[in-house]
Amino acid sequence: MTDIIDAICALLAPFNTEHVELKAETDIPAELNIDSVGVLDFIMEVEDHFDIEIPMNVVSDTRTIGELATYVQSQLKKA
Amino acid sequence: MELTKTISLAVNSSPADEPVLSRTPRSNRDVPQQLGGFSTLAQGLDYAARGVTGFNFYTGRGALDVVLTYSELRSKALCTARKLLSSGLKRLDRVAIVAETNADFMITFFACQYAGLVPCPVPYSMYIGGKESYVTRIAGMMKAAHAHAIVTPAEMLDSAQAAADAAGVALVLTHDDVASLPESMTKLHGFSADDVAYIQYSSGSTSAPKGVLISQRAIMANAKGMHFDGMKLRNDDRAFSWLPLYHDMGLVGFCLAPMLAQVTVDYLATTAFARRPALWLKLMAENRSTISFSPTFGYDLAARRINGEAVSLDLSAWRIAGIGGDMVRPDVLKAFADTLSVSKFSPTSFLPSYGMAESTLAISFAGADLPVRVDRVSRAAIRSQQKAVPMVDGDDEVARSFVICGKAIEGHVMQVRNEAGVVLGEREIGRIYVSGPSLMSCYFNNEEATAEAIGSDGFLDTGDMGYVLNGEIVITGRVKDLILHNGRNIWPQDIEWSAEQLPELKSGDVAAFAVEGQDGDDEVVVLVECRTSDVASQESLRRDVAKIVHQSAGVDCSILLVAPRSLPFTSSGKLSRNGARQKYLAGEIDVFAAH
């Protein structure tokens with residue numbers, strides 16, 4: 001799990017223009033100033049990195065890095 | 001040649017024993033192309049169903065996923081119409097449909113046409129962490145539509161159910177639920193030429209959404225204008241779209257209008273485009289697509305993300321690259337054309353256009369086969385005389401370029417008027433009005449808003465500013481407060497309202513508006529009255545506002561703290577958004593320094 005969180009943080013780093021500390025509890029839409037296109041860019045990076053699909057209903061229900069990591073882990077287990 | 005291509009490209013990665021999925025062909029061989037002459041959408045589909053063309057849906061990674069010919073669409077829509085009626089829905093009941101880019105949405109939309117139900121496409125959720133504001137948004141739409149049902153993809157059921165509960169809508173159906181209903185045996189009583197066609201919720205803020213009611217007559221008139229005046233449509237055209245189907249440009253431009261011309265459309269979901277913009281161009285090259293539209297920002301995204309792959313693409317078939325939905329920016333189009341010149345993209349393919357949901361979709365087109373034409377005028381004369389005075393020389397400091405957007409489509413009239421309502425002459429800047437058969441019937445169930453928009457003379461106030469040049473329209477900006485950001489309409493009220501939820505703020509403390517950024521796109525500025533001089537509290541307020549605005553509107557803003565009582569109000573005590581904007585631009589508002 002820590003691996004997944006670390007990987008997500010690394011993928012998120014280029015979008016983190018205000019250098020907010022990235023950890024599992026970081027609320028992506030609230031704490032990072034990324035616009036809607038940037039968010040989808042980031043989601044795509046996560047999809048490509050883990051080779052999984054993240055549907056939009058999951059995206060809209062996700063807030064923190066930890067929640068995203070949990071979903072990624074659930075998909076990796078399935079595969 | 002086309003045939004071989006179809007077969008070779010249609011090979012999906014399916015196992016050998018499964019039938020190979022193949023795209024619908026470019027055009028019908030045995031059925032002549034019929035443009036116009038239909039009186040309803042259902043009649044148009046009845047005709048299109050005689051051929052072999054239709055809709056193709058691609059996955060987020062660019063593989064052909066689902067093929068729906070017009071013939072299949074018709075038979076499935078007829079069956080679904082009977083199923084919807086067996087759920088107790090009555091003629092003219094409004095049915096909200098979550099408008100995902102897929103076959104289920106298309107079938108449900110056309111089922112409503114055959115069943116005499118009024119479809120109201122509503123958005124699907126697109127923003128990270130945006131579920132709550134999404135539910136509020138579609139609940140508002142369903143309430144305004146007095147919807148009787150919502151039909152949703154299964155994975156959105158949670159949100160749809162929550163929205164339906166909030167709006168008091170009893171019937172919530174997934175597409176699977178609809179499929180398992182029995183077929184009603186009553187005679188289908190679809191729409192006739194004088195009836196409604198659908199209601200579009202792309203107007204108004206989240207708190208007060210306005211449903212544009214479009215009649216069968218209006219959609220027929222507008223499709224005709226697009227087919228003949230806009231695209232000069234041909235039998236061998238093939239369309240491509242990633243535009244959302246809950247917006248007029250996606251629904252009318254790339255579902256209804258192509259169907260009414262029996263044209264094949266290839267679709268990429270909007271979210272798939274946003275994640276991989278280059279797929280748009282790759283799939284267009286693969287399909288030798290001839291027509292596609294996008295707001296300016298889409299061209300920008302795609303050009304920046306295609307990288308080294310442009311050289312391997314052949315976009316020579318692309319004859320109409322339409323631009324609509326925001327101010328057309330010549331610099332962005334030039335950059336796109338430069339990047340894609342190696343793909344044989346022709347800059348004369350660009351087709352600037354002007355329109356809005358209140359006129360079904362299209363009002364004017366600049367003219368197919370012409371390069372983008374720009375009028376360069378003096379900035380000073382715009383401000384001091386409200387005139388567009390040509391200025392050939394002069395840098396961007398003193399001159400600015402506007403794109404010429406063409407004459408009104410046939411049967412429609414555009415006028416530019418001053419504040420007193422007097423029709424202005426060439427090059428005089430004023431408010432743009434339009435009349436003609438494409439206009440909406442009304443804002444559904446909202447007489448007040450309708451009366452504000454359409455005058456007793458039958459002219460619609462577009463809310464845009466512009467001038468006439470040799471009979472063609474040139475758009476210079478907006479009167480209304482609407483913010484256009486990356487092709488999205490954002491209502492400043494939504495931003496202000498969300499910020500005012502913070503305990504430190506109250507109603508009237510926040511003003512949101514757009515200013516023109518350096519690149520010509522809207523930049524969103526949010527002015528917040530701040531009552532504390534404590535630097536740490538100021539900083540935390542700024543951060544809180546940024547957070548909450550971001551969650552509710554999904555947009556980057558400049559949050560600026562200003563002194564108490566520095567925002568201007570109108571005589572009736574309402575916040576003057578435009579007044580705040582003017583004062584801000586003139587440097588008359590003291591902005592606290594950021595720390």
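Okay, let's start with one residue, B:Thr108. Setting aside its neighbours within four places in sequence, B:Thr108 is in contact with B:Thr80, B:Ile97 and B:Val151. Before I go on, a reminder that this is a predicted model.

So, where does B:Thr108 sit? You'll find B:Thr108 in helix H4 of chain B, which covers residues 103–115. And is B:Thr108 buried or exposed? It's buried, because 27 other C-beta atoms lie within 10 Å, and the cut-off for buried is 20 or more.

Let's zoom out to the domains. Chain B splits into domain 1, made of 29–49 + 65–269, then domain 2 at 373–478 and domain 3 at 483–585. Going by C-alpha atoms, the centres of domain 2 and domain 3 of chain B are separated by 28 Å.

Now some helix packing. Two packed helices are described by the angle between their axes and the distance between the axes. Take H5(B) and helix H6 of chain B, residues 157–167: their axes come within 8 Å and cross at roughly 50°. That angle is why H5(B) counts as oblique to H6(B). The crossing of H5(B) and H6(B) is right-handed. Who's touching whom? On the H5(B) side we have B:Lys131, B:Tyr134, B:Val135, B:Ile138, B:Ala139, B:Met142 and B:Lys143, and they meet B:Ser159, B:Ala162, B:Ala163, B:Ala164, B:Ala166 and B:Ala167 in H6(B). By class, that contact of H5(B) with H6(B) has ten nonpolar residues, one polar and two charged.

Next pair: helix H8 of chain B, residues 216–230, and helix H9 of chain B, residues 248–259, pack at about 95° with axes 10 Å apart. So H8(B) is roughly perpendicular to H9(B). H8(B) brings B:Ile219, B:Asn222, B:Ala223, B:Met226 and B:His227, while H9(B) brings B:Val252, B:Leu256 and B:Ala257. That contact of H8(B) with H9(B) has six nonpolar and two polar residues, and no charged ones.

Last stop, the interface between the chains. Chain B puts 24 residues into the contact and chain A puts in 21. Which helices of chain B each supply at least two residues of the side touching chain A? Those are H5 (131–144), H10 (270–275) and H17 (535–553). The largest share of that side, four residues, is from H17(B). By class, the chain B side has ten nonpolar, eight polar and six charged residues.

Definitions and conventions
Residues are numbered from 1 along each chain as its sequence is written. Chains are lettered from A and ligands numbered from 1 in the order in which they are written. This is a predicted model: local features need pLDDT of at least 70, side-chain atom pairs count only at pLDDT 80 or more; totals for chains, interfaces and linings use all residues. Domain bounds come from an automatic or database domain assignment. Two residues are in contact if their C-beta atoms, placed from the backbone, lie within 7 Å. Ala, Val, Leu, Ile, Met, Phe, Trp, Tyr, Cys and Pro count as nonpolar, Asp, Glu, Lys and Arg as charged, and the others, Gly among them, as polar. A residue is buried if 20 or more other C-beta atoms lie within 10 Å of its own, exposed if 12 or fewer, and partly exposed in between; C-beta atoms are placed from the backbone. Axes are lines fitted to C-alpha atoms, for helices over the stretch in contact, and angles run from 0 to 180 degrees between N-to-C directions. Angles under 35 degrees count as roughly parallel, over 145 as roughly antiparallel, 65 to 115 as roughly perpendicular and the rest as oblique. A crossing is left-handed if the near helix is turned anticlockwise from the far one by less than a right angle, and right-handed if clockwise.
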